[in-house]
Amino acid sequence: MTVWRNALRAGVVLACLSVVGLAAPVPASAAAGFATELNGLPDEFSAGDQVSTLSAVVSRNDGGRCVKVRWSMVLSVRGLRLDQVKVDRVEDSGSFPLQIQTEGDIARLTDRQLDPGTLCPDRTVTARYRVAFAEDVNRGRVTLAAEAYDANLRLLARQSATRNVVGLLAGEASATPEPSGSAVAVDPTEPVNASAEATEEAVAEVQPAAGRPVAGATGGGFGLVQAAFLLGGLLLFLGAGLLLRLRQLTRAARGGEADLGGPAYERARRTGRWAASRR
């Protein structure tokens, strides 16, 4: 009985540890033989009606087979809000459908479909983005990170860049001196309203660079995340079954002792006394 109990307890512990291991995030690392570049970045972004067109280019030089690419742009802001940024993913046919995720002052903008191009050795695949900032932006900083994934959401390559964002109000404030003769300074670390939520039309949003596009961006299919959850559910079911079996064995053992009138040494004593009296 003791051996069975220890085995059941060990099984429950292993099942719980397996579920915890599946739930822990695994940091993504770029694949070898791929490289990504960000082109068209200005020295600084200007708020208002000015729209900047950027391009992310991924290349392959390892001589492998051709692969399809899914782009994901990660955007983080400081000194401004996400709803003050507008990012549009464009192709020759027009706007490209996106899936948007946000967390605090970080957003992820992932293509819902694979890029029309195909990445082959010594060839490139390009994604274009139009970036603009609202007129009420004063001063801040923005970081853009272009990530190229294959059809199975394996990270191929990543490139990031940080630029200042300067608004019209900041220029007017710097040109107007205070009575003391010093220019008006704007703190670029102004607190960000983390509760502000951007709409798909108004904001390009991305999650932290260490994260990955959600499985829903693949447009269907059974991915690694679904398999992990399924395995975790099976392990939890196994653990619950083992606990129920342990409870049944414990009840059966207690019931057996009660039917025989107590522990074994008590039964032996009583049996000895009855045998002596019968003689």
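This is a predicted model: local features need pLDDT of at least 70, side-chain atom pairs count only at pLDDT 80 or more; totals for chains, interfaces and linings use all residues.
The chain contains four helices and 13 strands. Of its 279 residues, 33% are buried. The accessible surface amounts to about 16400 Å², and carbon and sulfur atoms account for 55% of this area. When contacts between residues at least 6 apart in sequence are considered, 77% of them join residues at least 24 apart.

Five strands make up an open sheet in the order β1-β3-β11-β6-β7, and their pairing is antiparallel. Strands β1 (34-39) and β7 (94-95) form the edges, each pairing on one side only. Strand β6, which spans residues 85-91, runs antiparallel to β7 and is joined to β7 by two bridges. Within this part of the sheet, E91 is placed opposite G94 of β7.

Nine salt bridges are present in the structure. One of them connects R89 and D111, with 3.0 Å between the closest N and O atoms. Because R89 belongs to strand β6 and D111 to strand β9 (residues 106-111), this pair ties together parts that are 22 residues apart in sequence. R89 has a relative accessibility of 0% and therefore counts as buried. D111 is likewise buried, its relative accessible area being 0%. R89 and D111 also belong to a network of salt bridges that includes E91 and D115.

A further salt bridge is formed by D92 and R128, whose closest N and O atoms are 3.1 Å apart. Here the linked parts of the chain are distant: D92 sits in the loop between β6 and β7, R128 sits in strand β11 (residues 124-133), and 36 residues separate them. D92 is exposed, with a relative accessible area of 76%, whereas R128 is partly exposed at 29%.

E147 and R108 form another salt bridge, in which the closest N and O atoms lie 2.8 Å apart. This pair also links distant parts of the chain, as E147 is in strand β12 (residues 139-149) and R108 is in strand β9, 39 residues apart. Both residues, E147 and R108, are buried.

Q84 occupies the loop between β5 and β6. Its relative accessible area is 7%, which is under the 20% limit, so Q84 is classed as buried. The Q84 side chain reaches the backbone nitrogen of R81 at 2.9 Å. The side chains of Q84 and D136 are joined by a polar contact of 3.3 Å. Apart from neighbours within four places in sequence, the residues in contact with Q84 are A132, F133, A134, D136 and V137.

M73 is located in strand β5, which covers residues 70-78. With a relative accessible area of 2%, M73 is buried. The C-alpha atoms of M73 and I100 are 9.8 Å apart in space, while the two residues are 27 apart in sequence.

On the surface, L230, L231 and L234 form a nonpolar patch, and together these residues have about 290 Å² of accessible area. L230 is part of helix α3, which comprises residues 224-259. The relative accessible area of L230 is 48%, so this residue is partly exposed.

Definitions and conventions. Residues are numbered from 1 along each chain as its sequence is written. Side-chain values use heavy atoms; hydrogens and water are left out. Buried means under 20% relative accessible area, exposed over 50%, partly exposed in between (1.4 Å probe, protein chains only). Patches are made of residues with over 30% relative accessible area and no salt bridge: like charges are joined within 9 Å, nonpolar side chains (Val, Leu, Ile, Met, Phe, Trp, Tyr) within 5 Å. Accessible areas come from the Shrake-Rupley method with a 1.4 Å probe; for residues, only the protein chains shown count as cover. A salt bridge is a side-chain nitrogen of Lys or Arg within 4 Å of a carboxyl oxygen of Asp or Glu. Two strands pair if DSSP finds at least two bridges between them. A polar contact is a pair of N or O atoms within 3.5 Å; within protein, one must be able to donate a hydrogen and the other to accept it, and residues adjacent in sequence count only if both atoms are side-chain atoms. Contact means heavy atoms within 4.5 Å.
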